[in-house]
Amino acid sequence: GRHSMLPRHVQRLGRDWITHWNGSQILALSSPVSSCMRWAGHYPPWASFPLPISADFSANWRFPPFFGPWRQFQNSNWHLDNYTQSCCFHLPNPSMKSEGEEPLTKKRKLSGQDDTSTPEQQTDLSHQKEVSCLSVAQNEEKHGSKKGTIKRHWEYFCQQSKTMKTAKNKGSDQSSTGSEATFDFRVMSYNILSQNLLEDNSHLYRHCRQRLLFWTYRFPNILQEIKELDADVLCLQEVQEDHYRTEIKSSLESLGYHCEYKMRTGRKPDGCAICFKTSKFSLISSNPVEFFRRDIPLLDRDNVGLVLLLQPRFHCKASAAICIANTHLLYNPRRGDIKLTQLAMLLAEIASVASQKDGSFCPIIICGDFNSVPGSPLYRFIKEGKLNYEGLAIGKVSGQEQFPRGQRILPIPIWPKKLGISQNCVYEIKQQQKEENAGEKLETAKPDNTQEIVIASEKSSSKLRHHFKLSSAYSHYFPETGIPEVTTCHSRSAVTVDYIFYSAANDDTADQPGAEDSFCGGLKLLGRLALVTEKDLWTVNGLPNENNSSDHLPLLAEFRLIER
């Protein structure tokens with residue numbers, strides 16, 4: 001017969017499924033979580049959660065009717081066994097609340113109903129939940145009960161860097177050999193998951209226990225991760241403004257970092273931060289980039305970027321500088337035109353900040369969440385420095401969707417001329433004004449070259465270019481198996497969208513052949529913190545989990561600054 005409709009909180013279950021069944025029954029699996037969790041999208045359409053799998057099924061027991069058609073479960077190999085802490089279904093009284101339940105504000109939006117409780121009651125309830133969550137977290141840490149740690153190892157590309165690691169922070173991280181001066185440092189890119197975005201997109205975290213999603217639980221984990229990885233430069237995305245102001249900035253400053261922050265425009269309360277150790281760098285300039293332009297309909301999104309020019313300390317050349325950029329591009333897979341325009345705006349600012357008096361660029365590192373996968377047109381444009389987008393569907397730019405829904409073709413040109421950025425991703429007017437205001441004498445060939453660039457871009461306006469020679473710190477696939485690396489994982493996807501791009505020195509193994517040699521020296525990749533596969537992440541119940549409190553993994557790479 002027909003089954004009665006389930007209450008809403010039963011339908012929105014995470015890893016622990018709570019149901020109305022005989023008061024307080026317990027159903028458990030003998031298999032650990034690592035062998036039972038399936039990737040979202042590979043389970044029957046009537047299920048709204050990953051299905052566990054076990055060895056066999058007891059014929060003397062039947063699932064309650066709400067689990068769906070019995071025939072679809074006969075081949076599922078379910079098994080009834082003793083209660084295990086690692087994987088269980090707790091079936092309590094109907095009055096108890098689901099751990100996978102969506103936040104109160106989100107439920108109100110979906111139901112369209114007004115909340116009758118007072119703000120004081122909401123605040124007290126939220127405070128009680130967070131205090132309870134924090135006490136549980138502290139108790140677990142005290143008794144060492146945290147489990148499911150992701151194992152990530154350090155990959156070395158230079159034997160000397162392995163030797164020098166033992167001498168880190170002892171003043172021996174720079175050396176002078178012949179005509180070369182070197183300076184070693186580590187850079188991290190980390191999307192720390194804004195609490196507001198987590199609560200507004202709670203459907204992505206149904207696999208998580210609710211207590212793991214409180215900020216009071218997550219922030220200590222994130223801070224501990226930053227401490228342990230001990231990067232010299234942090235590029236953080238989804239940094240919520242109130243959390244940054246009240247605890248993130250002060251916590252990082254106590255670790256020896258200077259912090260620069262750019263909040264998103266509009267109503268979004270998060271942004272990008274770049275933090276660097278004052279013992280390693282001094283700040284030359286900080287340059288925020290806003291991608292929103294009121295006068296250009298295309299640029300109606302609130303994403304931002306941040307570009308810093310840093311001077312290394314303890315370096316033999318006083319003029320040495322490194323340009324560090326951080327951004328979080330638009331997510332929408334169907335708006336590749338906005339993504340490319342935002343990227344062009346960031347590259348134009350980098351070209352302006354990193355330019356040297358001799359016309360070359362200082363070494364550049366670009367970090368961030370680009371919401372694009374490896375091999376996509378946007379990714380190839382960053383690495384190869386060119387992209388012919390004629391006939392390219394707008395939904396294929398980022399490669400996020402296997403069957404893109406945005407079929408509209410990219411217009412030519414993508415952005416209007418009044419944006420002031422050429423097809424070579426440089427400022428057309430602002431750069432000349434800066435040079436004139438500085439009183440610099442331009443070479444006679446320079447205006448002609450600029451004119452030629454503009455004319456060429458008008459003739460072949462479907463071709464984008466940039467003048468940087470960029471490589472990726474990660475290879476995105478494991479060489480032995482060809483399995484993709486993963487930087488983010490939640491209930492709907494597990495892909496790579498986070499990157500660390502850098503301007504490679506001529507002798508770097510990742511140097512791009514045929515790229516324009518317009519850099520003064522460059523960067524050599526010494527090592528990186530290895531990434532993991534999707535399967536590895538689901539052995540610890542995906543992200544976030546008890547030890548990793550964001551839905552992204554931190555990327556970490558070590559570089560050597562080489563000047564000639």
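At which residue does helix 9 bend, and by about how many degrees? Helix 9, residues 241-253, bends by about 40 degrees at E247. The model is predicted.

**Helix 9**
- The buried residues of this helix are H243, Y244, I248, S251 and L252.
- Their cover includes two helices, helix 7 (195-200) and helix 8 (215-229).
- Strand 6 (233-240), strand 7 (257-263) and strand 8 (270-277) are also part of what covers the buried residues of helix 9.

**Nonpolar cores**
- The largest nonpolar core comprises 61 residues, and F185, V233, L234, L252, I365 and F559 have the most contacts inside it.
- Helix 8 gives the most to this core, contributing 6 residues.

**F559 and F185**
- With neighbours within four places in sequence left aside, the contacts of F559 include F183, D184, F185 and V187.
- Other residues in contact with F559 include I365, A473, I500 and Y502, as well as L523, K524, L525 and L526.
- The whole structure contains 14 aromatic pairs.
- One of these is the tilted pair of F185 and F559, with 6.0 Å from centre to centre and 40 degrees between the planes.
- This pair links distant parts of the chain, 374 residues apart: F185 lies in strand 5 (residues 180-191) and F559 in strand 20 (residues 555-563).
- Both F185 and F559 are buried.
- F183, F185, F281, Y502 and F559 make up one aromatic cluster.

**F361 and F468**
- The ring planes of F361 and F468 stand at 75 degrees with centres 5.0 Å apart, so the pair is edge-to-face.
- F361 sits in the loop between helix 10 (336-354) and strand 12 (364-369), and F468 in the loop between strand 14 (463-465) and strand 15 (470-472).
- The two residues are 107 residues apart, and their pair links distant parts of the chain.
- F361 counts as buried because its relative accessibility is 9%, under the 20% cut-off.
- F468 is buried as well, with a relative accessible area of 6%.

**Charges over rings**
- The charged end of R186 is placed over the ring of W154, 4.0 Å from its centre.
- K280 has its charged end over the ring of F183, at 4.9 Å from the ring centre.
- F183 is also a member of the aromatic cluster that contains F185 and F559.

Methods:
Residues are numbered from 1 along each chain as its sequence is written. This is a predicted model: local features need pLDDT of at least 70, side-chain atom pairs count only at pLDDT 80 or more; totals for chains, interfaces and linings use all residues. Side-chain values use heavy atoms; hydrogens and water are left out. The bend at a residue is the angle between axes fitted to the seven residues ending there and the seven starting there. Helices (H or I, at least four residues) and strands (E, at least two) are DSSP runs, numbered from the N terminus. Buried means under 20% relative accessible area, exposed over 50%, partly exposed in between (1.4 Å probe, protein chains only). Contact means heavy atoms within 4.5 Å. A nonpolar core is a set of buried Ala, Val, Leu, Ile, Met, Phe, Trp, Tyr and Cys residues joined through side-chain atoms within 4.5 Å. Rings of Phe, Tyr and Trp (its six-membered ring) pair if their centres lie within 6.5 Å; planes under 30 degrees apart count as stacked, over 60 as edge-to-face and the rest as tilted. A charge sits over a ring if NZ of Lys or CZ of Arg is within 6 Å of the ring centre and within 35 degrees of the ring normal.
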